[in-house]
Protein chains: 2
Amino acid sequence: MSQVSDIVADWIAVDWGTSNMRAWAMGAGGAVLAHGESNAGMGSLRPEQFEGALLSVVAPWLKPDGVTEVIACGMVGARQGWTEASYRAVPCPPVGGTLTDAPTRNPRIRVRIVAGLRQDTPADVMRGEETQIAGFVAQRPGFSGPVCLPGTHTKWADLRGGEVEDFSTVMTGELFALLSERSVLRHSVGDGWDKVSFEAGVADALAAPELVTGRLFALRAQSLLADLSADAARARLSGLLIGLELAGTRARWDGGIPVAIIGNGKLAQLYADALALSGAQSTIEDADTLTVRGLSAAYLSLKETAV
Amino acid sequence: MSQVSDIVADWIAVDWGTSNMRAWAMGAGGAVLAHGESNAGMGSLRPEQFEGALLSVVAPWLKPDGVTEVIACGMVGARQGWTEASYRAVPCPPVGGTLTDAPTRNPRIRVRIVAGLRQDTPADVMRGEETQIAGFVAQRPGFSGPVCLPGTHTKWADLRGGEVEDFSTVMTGELFALLSERSVLRHSVGDGWDKVSFEAGVADALAAPELVTGRLFALRAQSLLADLSADAARARLSGLLIGLELAGTRARWDGGIPVAIIGNGKLAQLYADALALSGAQSTIEDADTLTVRGLSAAYLSLKETAV
């Protein structure tokens, strides 16, 4: 069965994470012509399987003659990914400089992977978020202030004049998943929500971050002794962990400049709510839009370098 | 195949946790005549399976005529256990008062379960540790001071005049297992040990508990960027989590009275080391010995009540 497409991409943007892959057919002027995705994430692929997984999504968009360039970001460049892309050391612009070529057999594509960022002290790394930050800087040239990218491993960065000055990672999302799904708390945590419990969790964690690990088991005890609802337990757990994260990143968001939250949907809103409770302002910037914009910035910087 | 035994128990002591069951044949004078165990923990049994699991270990010790009494503590009395035993509210002696009869079909045994302890504010519960505390109080009558029972869910209690005044639970052991085995850190954490890294983790967490969740991901980054050894990563993770626990329980151990650590082996020693780094003295009390002693206290209190 042959695939038919009216779309011919000028180039192709790819965000390839651990659990899924998303691709956009880009027009010459920067417009998105088409979008496709796959659940073939980095975590489920061996190196030699990446090219096929990519082509299964983007083949219909390739130029009939010549080479279509593909710019990819994210865990595709990890040691366990397609090929290991370098890390650039902060402080530096979020993207720019050399990209890493991924090995391909099909002559109709050339795939290059955006470098991640590294920080030596304290040790930290990111892959993928630098591209979203680049997208943010593209629409706010020269921005100075804090950005927050909520997720499994939430990233906080300080930007200065559009460069990433330093950053830190907090495993809030992964801790929430482990505790709510795999710890003894799974018996007490449901699928629903309770705003008041979330806010109380944030406030308690900010006031006494050293007590949070003790307060976790109280969720179980309260559900045994006091009929704490599963909805309230889930919201309070989320609030305690986000509040603990805010306690540890206070120096980043406490300086009076609104935090640019780069995210989506409910999680981004939770961070905005938690920051508001803490007295900090924030804006929510759409992560998907910024990913495409950041990949465009990487593609353009490549063209400029080549000139 | 019939089992032959020279041992006839005056009564039988049982510590029945989530993952295993241990039983002791007790002599009239309080001596241990025999010991047996099974991996049929509460977590793997339906209520109607407990009696058979018990008899498979203790049958050889039953009196040839009449009823042998069995006193059990631990998760056997949880809602998911053999039968739900009550909780006694602190402040109260660690054991005493009514025990809960478990339903049995074999007329040669009578099984009674020690009550757990509950605390309403902040909400907390324990099942099993109260019996170890009772064993400690039996050898230190009227003790006032802090006790610590390290484990999956570490318990801290303040005793006053031999009674449990209040207590708190910190999920340090479960967090360590989840992070080292199921999170992204599993790629960086090995099986070995490094004392210096453990001590640095304790000190860092005590100095800035709010930064611990941020420091967790640094273990991954350091192993990627700086070749942090897997042994050092494991020890530092343990140190960070135990240090965070000590930061949150400071009021319990900072009063000048040595902490009675009720535990075994390496974990108990780690807590003693961490407390020493924090300037607190401690003693290590053998948990197994105290479990038997505590069950004996429960058995004796029953006899006294019956008089």
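Let's start with P122(A), which sits in the loop between β8 (116-119) and β9 (124-126) of chain A. When I say helix or strand, I mean DSSP runs numbered from the N terminus: helices are H or I with at least four residues, strands are E with at least two. Before I go on, this is a predicted model, where local features need pLDDT of at least 70, side-chain atom pairs count only at pLDDT 80 or more, and totals for chains, interfaces and linings use all residues. Residues are numbered from 1 along each chain as its sequence is written, with chains lettered from A and ligands numbered from 1 in the order they are written.

So what kind of peptide bond joins T121(A) and P122(A)? A cis one, with omega at about -10 degrees. Now look over at chain B: T121(B) and P122(B) are also joined by a cis peptide bond, omega about -10 degrees. P122(B) is in the loop between β8 (116-119) and β9 (124-126) of chain B.

You'll find D227(A) in the loop between α5 (212-225) and α6 (230-248) of chain A. Buried or exposed, then, for D227(A)? Exposed, because there are 8 other C-beta atoms within 10 Å. The cut-offs go like this: 20 or more other C-beta atoms within 10 Å of a residue's own is buried, 12 or fewer is exposed, in between is partly exposed, and C-beta atoms are placed from the backbone.

In chain B, D227(B) has a positive phi of about 55 degrees, again without being a glycine. D227(B) is in the loop between α5 (212-225) and α6 (230-248) of that chain, and with 8 C-beta neighbours inside 10 Å, D227(B) counts as exposed.

Last stop, the sheet in chain B. Three strands make an open sheet, ordered β5-β8-β9, with mixed pairing; two strands pair if DSSP finds at least two bridges between them. At the edges are β5 (87-89) and β9 of chain B, each pairing on one side only. From one strand to the next, the twist averages 25 degrees. Angles run from 0 to 180 degrees between N-to-C directions, and axes are lines fitted to C-alpha atoms, for helices over the stretch in contact.

β5(B) and β8(B) pair in the parallel sense over 3 bridges. Which residue in β8(B) is the bridge partner of R88(B)? That's L117(B).
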